[in-house]
Amino acid sequence: MGIDHSRCNRSVVITTARLCGRRGPQIKFPSVKTGVTRMTKKHRIEIPVETAAEVLFESNRTCCVCRERKPVQIHHIDENPANFSKDNLAVLCFDCHRDTQIRGGFDRKLDSAQIRRYRDDWIARVANKREKDHGPLILQFVPSALRIKNVKIIQIKESSDAHAYSIEAEYPQFTSDDKRSELELNSSVSSFVTKAVEDFRNSAIATSNEKLQMRQELHGLGWDSLSIVHRISLLTTDYLSIEFVFQTYGAGAAHSNATTSTLNFGFRPLRQIRLQDLFESSTNYLGTLSEYCVEQLHKLQPSHWSNPIERAEELKTTRDSWILSGAGPIVKNFEKFVFVNEGIKIFFDPYRVGSYAEGRYEVFVPFHVLDPFLSDRVKKALP
Ligand SMILES: [Zn+2]
């Protein structure tokens, strides 16, 4: 069949959303709440935030002397509050800090030589432990490999009366100092969307004649439309997650169809991440993921039903077979996911775990549920 592109009306609109603007996505960096009070009778001078953060991080916000989880402060070892050199700073609890103030008496004062020894030993232990179990704190201060500076939204608008279809799509494009990675990232995102647009256009054109016939017989029907919208779920120095919703109206369909697609990228180095890439392959992560989602979906389901109270009662004794199969332990059931703060969000489109009327389900799975199965590489840089 010949394709008459001259009758298509296409436009590509580029809008720019600055990262800090209201319409732009939020960049979420790990925040450092020091929660540290320094009590010095001398002149109060603030330790620079970055230095305080580093000192607290290295000590795991724990007193380096007693090593108990208590409120802490940053102590100036030489008692000069203007000396911010890291070597002069140690994290102490209020009790141990009091021991540095002992003047006379029988108790031996906690002096600077002792504090340095305690501190250096403790910092080494914290680092060792992090190294061993790859806790989520480890990359907080490591600079990013791909620093995203700006996000542009590309819009595609296209329609054809001759072929009876319309398309509205949008997707983000990123600006970074690393031009090679920028190009790679942007083309992954844009080709994902333009491929979908192309497929839709081709099939819409292929059915032009049928649609024309439908329109002659059924006034106004016989039109295909596609809309693609996106949301950036997470953008950190390590990860980027984009959620797309494809809404299609087929010429002959009774209702529209919405499907979710997701793209996840890691930035160190730049790579696309699939669900299975998050886990050690030898582990039974699918079993746990399935169990967790099945449980959550049963909790969510009543509110998607017309009679929530009655359905909640029923679910106390029965399990829903649609949920059991749609959230069963196979990769395909969980492949639509995005990173969010402290976990992943999994999408279950209509018909996966419920009827069309129930709509889409979203299940948040916190990282602590998945922690035993996560690969070391992922643990090192949890969003
Ligand atoms: Zn202490």
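Is Arg 67 buried, exposed or partly exposed? Arg 67 is partly exposed, because 17 other C-beta atoms lie within 10 Å, and a residue has to have 20 or more to be buried or 12 or fewer to be exposed. Please keep in mind that this is a predicted model. Here is a short tour of one loop, the nonpolar cores and a helix residue.

**The loop with two positive phi values**
- Most residues other than glycine have a negative phi.
- Arg 67 has a positive phi, near 60 degrees, and is not a glycine.
- This residue sits in the loop between helix 1 and strand 2.
- Asn 60 is found in the loop between helix 1 (49-58) and strand 2 (72-76), and its phi is also positive, at about 55 degrees, although it is not a glycine.
- Asn 60 counts as buried because it has 20 C-beta neighbours inside 10 Å.

**Nonpolar cores**
- The largest nonpolar core holds 48 residues, and Leu 297 and Ile 346 have the most contacts inside it.
- Helix 4 (residues 179-206) gives this core its largest share, six residues.
- Domain 1 (5-25 + 144-273) and domain 3 (276-379) each supply at least three residues to this core.
- Leaving aside residues up to four places away in sequence, Leu 297 touches Ile 323, Ala 327, Val 353, Tyr 361 and Val 363.
- Another core, of 18 residues, lies apart from it, and includes Leu 89, Ala 90, Val 91 and Cys 96.

**Asp 376 in helix 10**
- Asp 376 belongs to helix 10 (residues 376-379).
- Asp 376 is exposed, because 9 other C-beta atoms lie within 10 Å.
- Asp 376 and Leu 278 are 98 residues apart in sequence, while their C-alpha atoms are 9.0 Å apart in space.

Terms used. Residues numbered from 1 in each chain as written. Predicted model: local features only at pLDDT ≥ 70, side-chain atom pairs only at ≥ 80, totals over all residues. Helix = DSSP H or I, 4+ residues; strand = E, 2+ residues; numbered from the N terminus. Core = buried A, V, L, I, M, F, W, Y, C linked by C-beta atoms within 7 Å. Domains from an automatic or database assignment. Contact = placed C-beta atoms within 7 Å.
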